[in-house]
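Here is a briefing for a first look at one structure.

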Amino acid sequence: MKALLDAVDELLAQVAADDWAAVWDAVLDGGWPLAGIPEEHGGAGGTTADLVAIVTRAARHRVRIPLAETALAAWVLARAGRSDLLADLRVGTVAVPEAPVPWARAADLIVRYGPGGAALLRPGEDEVTVEEGANIADEPRDRLRTAAGTPLPGAPALAEVRVRAGLLRAAACVGAAEAALDLTRRHVTTREQFGRPLARIPAVAGGVAIMAGELDQARAALDRAARAPGSHAAVAAARLCAGRAASTIARLAHQLHGAIGITREYDLHVHTRRLWAWRDEDGGEHSWAVELGTAAAEGTEQRLWDVLTGVPAE
């Protein structure tokens, strides 16, 4: 896995934020969006945890690529028994009710969920009109006007898709948070004030420690959810921890950078705008908190302990 993550870094490190097409063929050749899908179902093999690791690492880089979105669409297709569509899939996305559609303008296949269930849309063949939009991170978030599409029987329920999307969004948040923390550490250890690095100032060191603590908690929750991707409670906890870390890390990163942190030429804004955008997407913190609280209220005290700690109560 280390070799694959090193390859992710090598490919994405030098690419401009808006030049995703320059590397996308290599991403597809590497099978990144198909990780976690069994080979016999048209995937690249590996586990969901492998996919989570790839999405996390990719989110540390400036370039915006439709990796999580295409991976989600591929997972839906595989679950629906349509592995025949995966070999030629370039960019896929999933449209859910009352939400903008990520990367719809670039997609050659869209899985749309509506009152009648899931349906396939092929923008090159079906009647699809895309109204382009963007989130605050300048990522495509579009609106669709479409025909009914082709029914996709056997597709996972919308609730399952939401859990999968929440897991991948949590992974992306952790990756962006890692990048913001790395930049902040580099800044406070190289920038001097009164003849010493900023990191020697207790308030600055304390801020970095808070950022690191939030990130460690988000990583731990994400690792647990990646090992149990079907657990709504585990994914809800990971999504909540990632959302809270996003808010705290973005705020402290800008505080500790001072004026340089808001300049367009400096990369911090790339990562913090993603944190703010992703924190609120795929349901947002409130809906995940409600889901986690509902699961806790419906279970026994011992079950709640097991979910929170992963260690059965004696």
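**The sheet, the cavity and the pockets**

Val101 stands opposite Asp142 in β6. This is a predicted model, where local features need pLDDT of at least 70 and side-chain atom pairs count only at pLDDT 80 or more, while totals for chains, interfaces and linings use all residues. Residues are numbered from 1 along each chain as its sequence is written, and side-chain values use heavy atoms, with hydrogens and water left out.

**Sheet**

- Three strands form an open sheet in the order β2-β6-β5, with antiparallel pairing. Strands are DSSP runs of E with at least two residues, and helices are runs of H or I with at least four, both numbered from the N terminus.
- The edge strands are β2 (101-102) and β5 (128-131), and each pairs on one side only. Two strands pair if DSSP finds at least two bridges between them.
- β2 is joined to β6 (residues 141-146) by two bridges, and the two run antiparallel.

**Cavity**

- The count comes to one cavity of 30 Å³ or more. On a 1 Å grid over the protein atoms alone, a cavity is a set of points where a 1.4 Å probe fits but cannot get out; a pocket is an open set with protein on both sides within 12 Å along at least five of seven lines; lining residues have an atom within 4 Å of a point.
- The largest cavity holds about 180 Å³ of space. A volume is the space filled by probe spheres set on the points, with grid points joined across faces, edges and corners.
- Its lining has 16 residues, and Ala59, Ile65, Glu139, Ala172 and Trp278 lie nearest the centre.
- α3 (48-58), α4 (67-79), α5 (158-190) and α8 (268-279) each give two or more residues to this lining. α4 gives the most, with three.
- By class, the cavity lining has ten nonpolar, one polar and five charged residues. Nonpolar means Ala, Val, Leu, Ile, Met, Phe, Trp, Tyr, Cys and Pro; charged means Asp, Glu, Lys and Arg; the others, Gly among them, are polar.

**Largest pocket**

- The largest pocket has a volume of about 480 Å³.
- It is lined by 23 residues, with Val96, Ala99, Pro100, Pro102 and Asp282 nearest its centre.
- α4, β1 (92-95) and α5 give two or more residues to this lining. α5 gives the most, with six.
- Twelve of the lining residues are nonpolar, three polar and eight charged.

**Second largest pocket**

- The second largest pocket has a volume of about 240 Å³.
- Its 13 lining residues include Arg60, Ala179, Arg186, Asp267 and His271, which lie nearest its centre.
- α5 gives the most to this lining, with four residues.
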